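Please keep the sequence and the structure in view while reading.

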Amino acid sequence: MKNLDFNADKALAKDFLTNFADAYGEPKYLKLLQDVSNRKLRSIQIELDDLVNYKDLDEEFLQRVTENTRRYISIFAEAIDELMPEPTEVFPVDEDRDILMTQRVDDGADGADNSDPLQKMPSEIKRFFEVYIKAFSKGTPLTIRQVKASNIGQLVKISGIITRCSDVKPLMQVAVYTCEDCGFEIYQEVTARVFMPLFECPSSRCKINKAKGNLILQLRASKFLKFQEARIQELAEHVPKGHIPRSLTVHLRGELTRKVAPGDVVELSGIFLPIPYTGFRAMRAGLVADTYLEAMSIIHFKKKYEEYELKDDEQEKIERLAEDGDIYNKLARSIAPEIFGHEDVKKALLLLLVGAPHRKLSDGMKIRGDLHICLMGDPGVAKSQLLKHIINVAPRGVYTTGRGSSGVGLTAAVQKDPVTNEMVLEGGALVLADMGICAIDEFDKMEESDRTAIHEVMEQQTVSIAKAGITTSLNARTAVLAAANPAWGRYDLRRTPAENINLPPALLSRFDLLWLILDRADMDSDLEMARHVVHVHQNLESPSFGFTPLEPSVLRAYISAARRVVPSVPRELEEYIATAYASIRQDEAKSNAPHSYTTVRTLLSILRISIALARLRFSEIVAQSDVDEALRLMQMSKFSLYADDRQRSGLDAISDIYSILRDEAARTNSMDVSYAHALNWISRKGYSEAQLKECLEEYAALNVWQIHPNTFDIHFIDV
């Protein structure tokens, strides 16, 4: 075994901290030390990438730092103590700590016996900073099952999902005692989770006097660290076939606490260490020890929208995209480009990602801004794939299935905390997806008792709990994206929509959009879809759209910028929206078999979708085109059913467009119809602009109406 010269290593550490320069040629770590001295920073992170790039690199020193990291943290800390510059700025005084330190320095020369190690002031109590060593940024992180016994004591980098976090608690680092007889201050360094307190004074004066001086623990004089325990679990894609995910305990100290939350996908670097069992578990375990990871750095794979900081190149890219007139369609087609068709469904999912701002009234009432969407359709229409893709794009998303979820699993469960043995609440899927998206697949196959747990979350956006003496309300500000099959597996055209949907009206009214997707046999569309699927299967990419689909990271950046806009509805649009809502109610009243349940929530849905559309344009004011698009999406969500109604009525597209325009003209009692209004009316029924132009030409040739040569406005010759 090598005889390691730690003094030489300290000299190497001091040399590195003093001489390492960043990309601009400035001393990186000396600037950090000055900020620490001025109390602007509380931690110093030594990066192994910097050690590799250091001109006077000693490769053996780098290897020792990687393999014996905990020891080299103390070496770097001692080097920093010696290099720490004097403060250059006035900083707020931490009264208790600074007064105690001043008193200790003044009294140190008088009473302390420096020959006694317990009376010598440890360096940890003088420090007001923490040292972390960050692993190499390059290289693939290990999975939890790849971390073996050979990695103990070494710096490792792992990735996974955080499943549980404890509260932040104080962890004693240095215990300080005062002797009642001799008055000396005794220090005890605590290196483990548990320690045996001192009871008798070990000072030389008490030993000479043969007095067993009683020691009193001084909590205000002792040093505590912030401590948090978390649990990290393997990602689903890292679990081998037939195995269950493994998990590992992570200890977070100091400035690394409160950096993770359950549901976060993170990359951690830390020291893999053993920890002996205590109490009765130690008797059962024998020589076996548990292991944990002492965290050194945390990197989030997906940042929250509000934490997303746009880089210069991203800002320029978003500004260029915002100026594009067709950005709405491009963003929608960039969602799951490998999936054929479903353009309007993808537009709705894009608006789900954008959402509307939450409203809080003066009396405390809250109006949710998150959109809820349910995709109901025949098997094989790519519902689950769309759900998976949305979870991939969203910064915070939880995917679950109806059969694999219970009511407790969706909301919250009461469990015993293994650290404190107290009853604690553990959040379910909806709580984990707070400020994100919760995707629930196979929604129709959930038990009715479990499905009722979602009702409160979808409207009030809270989870109320009264279990095991715990009465509280948890935040669940999540957008619910559900996928379901009709009642009999496939949509039965002989039955009414209400019978096919088979969901209670109380739940249906909470969805802003209920999208019915029927799998119809059509020669042209089936042939086009088959070509698309074969192309994706062979080339592992979607066919050309005429533009490059945006990457999920760019999509996230654009949405994060759009979510900062808070649009408002102008007064002149209020009457227009109210009239549109009233006409939807009237149409439903006339229909014998309603396709959906229209309530006041539908009106709020129109407002939410309109505001989300305005956000996409970075507009502070909602335009009428946004309201029209919101109404069109609501109409298109039932397009499959209307297509079936038209087939049964025997009308072709051209004839149906003519009947729509004639009825609207008769309703308004006008001989003239503007082209914009005509396009709006027929698009709500699922027809395209090309079909409208074909209809105009055909009926103009029959002298039913006249068309303006420039504006394409319609004048009926005989209504």
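**From the whole protein to its parts**

Of the 719 residues of the protein, 45% count as buried, where buried means under 20% relative accessible area, exposed over 50%, and partly exposed in between (1.4 Å probe, protein chains only). This is a predicted model, in which local features need pLDDT of at least 70 and side-chain atom pairs count only at pLDDT 80 or more, while totals for chains, interfaces and linings use all residues. Residues are numbered from 1 along each chain as its sequence is written, and side-chain values use heavy atoms, with hydrogens and water left out.

The protein has 28 helices and 24 strands; these are DSSP runs numbered from the N terminus, helices being H or I with at least four residues and strands E with at least two. Among contacts with a separation of 6 or more, 71% come from residues 24 or more positions apart, a contact being heavy atoms within 4.5 Å. The accessible surface comes to about 37,600 Å², and 51% of it belongs to carbon and sulfur atoms. Accessible areas come from the Shrake-Rupley method with a 1.4 Å probe, and for residues only the protein chains shown count as cover.

Which strands pair with β7? Strand β7 (residues 223-233) pairs in the antiparallel sense with strand β3 (residues 155-165) over 4 bridges, and Arg164 stands opposite Arg231 in β7. Two strands pair if DSSP finds at least two bridges between them. Strand β4 (residues 169-179) also pairs with β7 in the antiparallel sense, over 5 bridges; here Leu171 stands opposite Leu225 in β7. Strand β8 (residues 247-253) runs antiparallel to β7 and is joined to it by 7 bridges, with Phe227 opposite Arg253 in β8.

On the surface, Leu217, Leu219 and Phe224 form a nonpolar patch with about 260 Å² of accessible area together. Such a patch is made of residues with over 30% relative accessible area and no salt bridge, nonpolar side chains (Val, Leu, Ile, Met, Phe, Trp, Tyr) being joined within 5 Å. A salt bridge is a side-chain nitrogen of Lys or Arg within 4 Å of a carboxyl oxygen of Asp or Glu. Leu217 lies in strand β6 (residues 215-217) and is partly exposed, with a relative accessible area of 35%.

Helix α26 (residues 653-668) has 16 residues and should span 22 Å at 1.5 Å a residue; its end C-alpha atoms are 23 Å apart, which agrees. The expected span is 1.5 Å times one less than the number of residues. The buried residues of α26 include Ile654, Ile657, Leu661 and Glu664. Asn669 follows α26 and has a positive phi, near 55 degrees.

Conventions:
Patches are made of residues with over 30% relative accessible area and no salt bridge: like charges are joined within 9 Å, nonpolar side chains (Val, Leu, Ile, Met, Phe, Trp, Tyr) within 5 Å.
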